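Please keep the sequence and the structure in view while reading.

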Amino acid sequence: MGSSKLKRAIGAVKDQTSVGLAKVNGRSASLSELDVAIVKATRHEEYPAEEKYIREILSLTSYSRNYINACVNTLSKRLNKTKCWTVALKTLILIQRLLAEGDKAYEQEIFFATRRGTRLLNMSDFRDVSRSNSWDCSAFVRTYALYLDERLDYRMQTRHGKRGVYCVGGDAVEDKKDNSEADLSTAIVVRSQPIAEMKTEQIFTRIQHLQQLLDRFLACRPTESARNNRVVIVALYPIAKESFKIYYDVTEIMGVLIERFMELDIPDSIKVYDIFCRVSKQFEELDQFYSWCKNMGIARSSEYPEIEKITQTKLDLMDEFIRDKSSLEETKQSNSVEADEDDDDERTEEVNEEQEDMNAIKALPAPPPKEEKREEEAKEEEVVTEEKKEEEEVGDLLDLGDNVVAGGAGGDSLALALFDGPYTSGSGSASGPGWEAFDDDSADWETALVQSATNLSGQKTELGGGFDMLLLNGMYQHGTVNAAVQASTAYGAGGSASSVAFGSAGRPAATMLALPAPATANGSSNGPVPMDPFAASLVVAPPHYVQMNDMKKKQRMLMEEQMMWDQYSRGVCVTMEESHIEEEGERQTKHEVAPALISVHPFQKSVAVTVGSALRVFDLIEGRPVSLVDESDGPSHKDSIRAIRYGSSGKLFASAGDDKLVKIWSADSWPWQCRNTISSEKRVTAVAISSDDSYVCYADKFGVVWVVNLDGINEGKVLPSKKGVQLLCHYCSIITSLEFSPDGRYILSADRDFKIRVTVFPKKPLQGAHEIQSFCLGHTEFVTCITFVQNSELTQGYLMSGSGDSSVRLWDITSGSLLDTCDVSPTVKHLESNESEPTQVTVTDISALPNSSLAAVSIQSFQGIVLLHCDLSAHTLSITKVIKIPGDSFIPTSISFSTSTRLLWMVSGASNGSNHPGYTRVRLISPIEAEPSSVLEDEQVPGGTTLLEHLQGKVSIEESVMSAAAEAVRAAMCSLMVKKQYSEENREFRKNNRNDKKPTQ
């Protein structure tokens, strides 16, 4: 015991000596204070360092990069001289805090100092020999330094920029290279490339770095006496929380590799298999390490992730797949080799044949032999003969061909019949009629002679060319039927239902009826056709299945025709309507301008201004701009920000807008860190944070309020991306403002349908808010803004609301009753009476002074502020004073009170994307409770020109630019506040073609 007390006394003496030397080292006062703080934060006692010394070091090194360099040199000297493991471990803990919470320049300074050989994170030969039981603690110091070095190397290699591989602050703009210090203080860290978009080689490199980093963390597990040391436990806490992020990154990469595993080549598949085998062993060790950490009380048990172990079955499946794929690849290669050999043989034969043919070519070809000529002539003669036969085979319908007997030959045959015997007919009969005696009744002998000789009375009537009477009558009847059908003008005018002839695709044929109409009961015909072969069947009704089939055919034809006409008419209407809507949307988009917004920290620690998609924050305590670091998985704002809000405690800050993103920032850290990014289905119009910072609520343009749980965000935890849960709905009415009551019991939502809804905020908001306390009804135009006014006696306070009906109203939210109404239009119109155009009196924003009865009101197109006094006991509102802002170009678009200094912050400006430079103008009004209240000059603004340069874009803005911005503000506020009117046709079309009904891409 005596030796341990002596060693503690010697350590205290050394600390006092180091403090004394730091004070008299001849350096500046700030550097001396820095050295003293470092010595006090790394004392020899085995107790964790006091937080105030670490905060002092962070504050001193935030002024300039020279202080950061001096701090790194002092830490290096401290590590180089000490042989005590307590001092070394405390110094490493301080380095870890500086890397995590300090300026980004620490990473670069410590990285290159270690690479130059300085003993900073290179503690591989460190050993404390002062005590016999310090070996385990010395081993922990060495492994802890190795982890910090690997972590720093990983962070530097994953941060790529235009100025080099190890660039601080992400991508840097080339025209700002000279102003490096300004870049370090104002740069916003850009998110790295998502894992899913990386190439396979990049993913392999990333997973190798993460596995190496995970090995370094697993090596930090303390042993023996170091397991119960308080300083060691404190050192393990931050790296254990960092290991959670490492685990999540590794699992994300594993998921991407599994998705690509089927498409990878065999070498890459083998790499993936090796990676999974190594990760499987690491996860088993990590699970054991986490179990020990939970038992030791390092962080909360709920913060630890559930380790998903990789089973041997999965590894065997991957191995089997690689083997099958390699065997298949070998089979394909062998087949391709055989095919290549066959192709080579065929090509060799073809080349040989081509060479033989080339050698056989002569100068002139030999004449063809005579026998071949004869054979060709014989073939031509046969072809001609066959053509002639085909022509002869074609019959002559009227028997007018060459075989017909001429008129002269017929006369000669008749003459021969008179004298030479029998008549030989052309039909080939061998015998003719015999000789007959003349009939006495004949008129003359000549006629009787001819008739008896030719036997004309016994011959039958025949037609030439093979015609008969039946065929000829049928031809005439067919012509009559066609004429009757063509004469009919109605569809199915005559005939039976079964005689309707259909064309292709269910359409009627050119001839509507294939059969003529049946005869009527009185014997007359329905049409000009005298006969129908199927007329007898019309007397009997057809079977029922025939009738049903006929009805189905006709019904189908009717429906198809009706659908065709409906589609045609709808297509024409939709085309015209879409073109009209698109033109109207283009006109509205061209004039859609986002006004600038401002919000002040509840305790005036910082002030935030947004214009377009830019978020600018200034630290009023330190007097410097605030850097924004996005550590969540979501993208940054790319469209106009429409809502910003500090939490009631000032620890959280929310921003949301047209890019359908809601980002939650940690406002009590330096730099600001985005702890959560929420994706919305619609554009966000309003946002609010609960009084206990446990939930964030946001409203979209569809009238739905969503809620997201923020449990664990105040503990420095980066929450995974979530989707909001529907809390309540305003049924297709755009919500303009959200507000929590001061006691957190109610959530209030105002919309463009003139109403304010007061809803009881449930204990389990993720299950929905189903209890409505009241509705505040009384406004005759859209409600633009709401806020609470309260004092020390009435903590619940009353609600104030502004509207497009030029009134500010006071409400009791418990009952929903209207207490008083203050019309600001007479005062504003009186002040603006000299203008040619009438002023549009619309209340755009209200800000109430905390613990007071005063409230400030900004009005559209009015260059000033109206101050209202609320008598909470008498429930009345009255105008106290009107403060006009000098100049012709400052129209407040957003206002916010400061609690501590009671200053009123105002901003004017607008942005419509790339067409507008995004300049804003920030003005302040002195405490309104004082007399007289006035607008502060730029030199009197807290933060001075540094604040104005950061929040405005530059210190002095030309009057022409601000005049153009003022016109844009007027147009923006007009289009933002006025509810768009649509016709009944346009309204129905917009309902039927909402975005939520369209399939997601």
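Which residues of α6 are buried? In this predicted model, they are Ala 105, Tyr 106, Glu 107, Glu 109, Ile 110, Phe 111, Ala 113 and Thr 114. Helix α6 spans residues 105-115, and because 8 of its 11 residues are buried, the helix is largely enclosed by the rest of the structure.

The setting of this helix may be described next. The protein chain contains 21 helices and 32 strands. Of its 1001 residues, 42% are buried. When contacts between residues at least 6 apart in sequence are considered, 58% of them join residues at least 24 apart.

In soluble globular proteins, nonpolar side chains tend to be buried together. The largest nonpolar core of this model has 92 residues, and those that touch the most other members are Ile 57, Leu 89, Leu 92, Ile 95, Tyr 144 and Phe 217. Helix α10 (residues 230-260) supplies the largest share of this core, with 15 residues. At least three residues of the core come from each of domain 1 (1-161) and domain 2 (195-316). The surroundings of Leu 89 can be examined in detail: with neighbours within four places in sequence left aside, Leu 89 is in contact with Phe 140, Val 141, Tyr 144, Val 231, Val 232 and Ala 235. Another core lies apart from the largest one; it has 22 residues, including Cys 785, Val 789, Leu 810 and Val 824.

Helix α10 also has a helical partner. Two packed helices are described by the angle between their axes and the distance between the axes. For α9 (residues 200-218) and α10, the axes come within 10 Å and cross at roughly 150°. The crossing of α9 past α10 is left-handed. On the α9 side, the residues that meet α10 include Ile 203, Phe 204, Ile 207, Leu 210, Leu 214 and Phe 217.

Attention now turns to the strands. Strands of a sheet pair through backbone hydrogen bonds, either parallel or antiparallel.

Strands β13 and β14 run antiparallel and are joined by 5 bridges, with Ile 689 having Val 696 in β14 as its bridge partner. These two strands form a hairpin with 5 residues between them, and Asp 693 in the turn has a positive phi of about 60°. Strand β14 (residues 695-700) also pairs with β15 (residues 704-709), in the antiparallel sense and over 5 bridges. Within this pairing, Cys 697 stands opposite Val 707 in β15.

A further hairpin is made by β30 and β31; it has 6 residues between the strands, and Arg 902 takes a positive phi near 60°. Strand β30 (residues 894-897) is covered on both faces, with Ser 894 and Ser 896 buried on one side and Ile 895 and Phe 897 buried on the other. Its partner β31 (residues 904-911) runs antiparallel to β30, and 4 bridges join the two. Ile 895 stands opposite Met 906 in β31.

Technical notes: Residues are numbered from 1 along each chain as its sequence is written. This is a predicted model: local features need pLDDT of at least 70, side-chain atom pairs count only at pLDDT 80 or more; totals for chains, interfaces and linings use all residues. Side-chain values use heavy atoms; hydrogens and water are left out. Two strands pair if DSSP finds at least two bridges between them. A nonpolar core is a set of buried Ala, Val, Leu, Ile, Met, Phe, Trp, Tyr and Cys residues joined through side-chain atoms within 4.5 Å. Buried means under 20% relative accessible area, exposed over 50%, partly exposed in between (1.4 Å probe, protein chains only). Domain bounds come from an automatic or database domain assignment. Contact means heavy atoms within 4.5 Å. Axes are lines fitted to C-alpha atoms, for helices over the stretch in contact, and angles run from 0 to 180 degrees between N-to-C directions. A crossing is left-handed if the near helix is turned anticlockwise from the far one by less than a right angle, and right-handed if clockwise.
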